[in-house]
Amino acid sequence: MPARVRTWALVALSLALFLLLWAVTAAWVDDNTLPTPLAVWQSLRVEWRSGELLTHLSVTLLRVLAAFLVAMTVGSAIGIWLGMKPLADRLIDPWLILLLNIPALVIIVLSYIWFGLNEAAAIGAVALNKIPNVVVTLREGARSLSPEYAELARVYRFGFLKRLRHVVLPQLQPFFAAATRSGIALIWKIVLIVELLGRSNGVGFQIHLYFQLFDVATILAYTLAFVLVMLLVEYLLLQPLDKHANRWRSARV
Amino acid sequence: MPIAGGRLVSESSQTQAVSVNIRGRHFRLGDGKSLHVVDALNFTLPPKSFTCITGPSGCGKTSTLRMILGLDQQYEGEIALPAGGPVAAVFQEPRLLPWRTVEQNIRLVLPDSRQNASIDELLVELGLGEMRNFYPNQLSLGLARRAALARAFVLQPQLLVLDEPFVSLDEATAERLRQVLMRLWQARPTTALMVTHNVEEAVRLADRVLVFSDRPARIARTVDIDVPRAERQGRVLHDLIGRVQG
């Protein structure tokens, strides 16, 4: 069996086992606080037909994307700067530790109080929760930049953009990949809280609604739908990008 | 006017020679002491000449190259480089960017105006014709060194600086590479300065050999070699080596 098929067969088997375990447990408990996979599937179809699922999923996805872009841009710029300037690093480091340890909930609540219940406050709060992680990761990356390649760029008089594109960013790629992976997972969880506390749409808002109705099947339907979207992002976007960036590593005679 | 500790690019009216006039270089050590690496060095490299620097290990040969390349500017003295022309370096390790192919590595040093220049001839001359799309980790050390040479020569530099480019190769590979370097340099003459600890290599390649003293470096001897390169073998070679070793 080719390695690729084998990998997918294992993934399918793993998922099937999970569904089986879930179905058996739900049948055994026999209570509507733990619906069977079939009940969740039916809720999913109801939400899909009404158009609600697609609306709320895409709103949440857009918020995740916006917060992710803001956090990566701001966080990596600050991180690379701190990694290259030890004095600035010593000065800013305590702020970073402070920010890393403020609970997400506090940042969200304060953001809504100070900036109002609007989209900018919501996305800003999510980004601010993620920025310190990006800073710390990219700071490590900038510290590990090779002085040998920097000298090469200097001797051969590379301009700023050439140096950035061909010398600096390829060295930072693993750090960007790490920040992206941990970033997306964290961000979508925080986006849900932001939606629950101060937005009138999105997966978080829907989960809050069905929590009040005690409709566990629909709560799980939304959760699974979004997890599925994130899986697609992982397999169709992140992994191919990773593979492209690392093509030189696997090249061997 | 020369500026102490700075870098001076000679005016175009002056010669295309490289002139090095270093009056000293001290390294600050962690414990507050300082290490006197280079004492006083005074030499010029005539245009299109090939000069080798040799001397005991740790005597400041590589430090001197770093000052000439502008990678170390904390010295006293002045260094004048040819006006306008690019400088190329071949480092001890090939220093190819591992995430770029051989061809991309070579083209990367070219200015935008020369991006369309053909590098085919150079690649074939270096035996890299088949490997232009290889990544550096697919190359042996000898081949990677060839790619580093290609990257230096493609620039058509006014000054080519080489830091032990044949070290840690087996003798047969090193010998082939020396011949490649000579062919390239004779076809595309440029002012070359090479550091090597191998005296025989120095006298076979160079027009002139500068022998450095122990640290702090001074020039202990200058040996001009006017014997044609083809005749530098057997007895003649032996005598030349003797002159360099003093």
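In chain A, 74% of the contacts with a separation of 6 or more join residues 24 or more positions apart, where a contact means that two C-beta atoms, placed from the backbone, lie within 7 Å. This is a predicted model, in which local features need pLDDT of at least 70, side-chain atom pairs count only at pLDDT 80 or more, and totals for chains, interfaces and linings use all residues. Residues are numbered from 1 along each chain as its sequence is written, while chains are lettered from A and ligands numbered from 1 in the order in which they are written.

**Chain A at a glance**
- Chain A has 11 helices and 0 strands; helices (H or I, at least four residues) and strands (E, at least two) are DSSP runs, numbered from the N terminus.
- Its C-alpha atoms fill a box of roughly 70 × 60 × 30 Å along the principal axes.
- Of the 253 residues in chain A, 30% are buried, meaning that 20 or more other C-beta atoms lie within 10 Å of the residue's own.

**A pair of helices**
- Helix α5 (residues 104–115) of chain A packs against helix α6 (residues 119–143) of chain A at an angle of about 150°, with the axes 9 Å apart; axes are lines fitted to C-alpha atoms over the stretch in contact, and angles run from 0 to 180 degrees between N-to-C directions.
- That angle makes α5(A) roughly antiparallel to α6(A), a term used for angles over 145 degrees.
- Among the residues that meet here are I107(A) and F115(A) from α5(A), and G124(A) and L128(A) from α6(A).
- By class, this contact has 9 nonpolar, 3 polar and no charged residues; Ala, Val, Leu, Ile, Met, Phe, Trp, Tyr, Cys and Pro count as nonpolar, Asp, Glu, Lys and Arg as charged, and the others, Gly among them, as polar.

**A closer look at S43(A)**
- You will find S43(A) in helix α2 (residues 37–50) of chain A.
- S43(A) is buried, because 22 other C-beta atoms lie within 10 Å.
- Leaving aside neighbours within four places in sequence, S43(A) is in contact with A217(A), T218(A) and A221(A).

**Core and chain contacts**
- The largest nonpolar core has 114 residues, and V126(A), I187(A), A150(B) and V161(B) have the most contacts inside it; such a core is a set of buried Ala, Val, Leu, Ile, Met, Phe, Trp, Tyr and Cys residues joined through C-beta atoms within 7 Å.
- Beyond its neighbours within four places in sequence, V161(B) is in contact with residues including L65(B), V87(B) and L193(B).
- Between the chains, 14 residues of chain B are in contact with 14 residues of chain A.
- The side of chain B that touches chain A has 10 nonpolar, 2 polar and 2 charged residues.

Definitions and conventions
A residue is buried if 20 or more other C-beta atoms lie within 10 Å of its own, exposed if 12 or fewer, and partly exposed in between; C-beta atoms are placed from the backbone. Angles under 35 degrees count as roughly parallel, over 145 as roughly antiparallel, 65 to 115 as roughly perpendicular and the rest as oblique.
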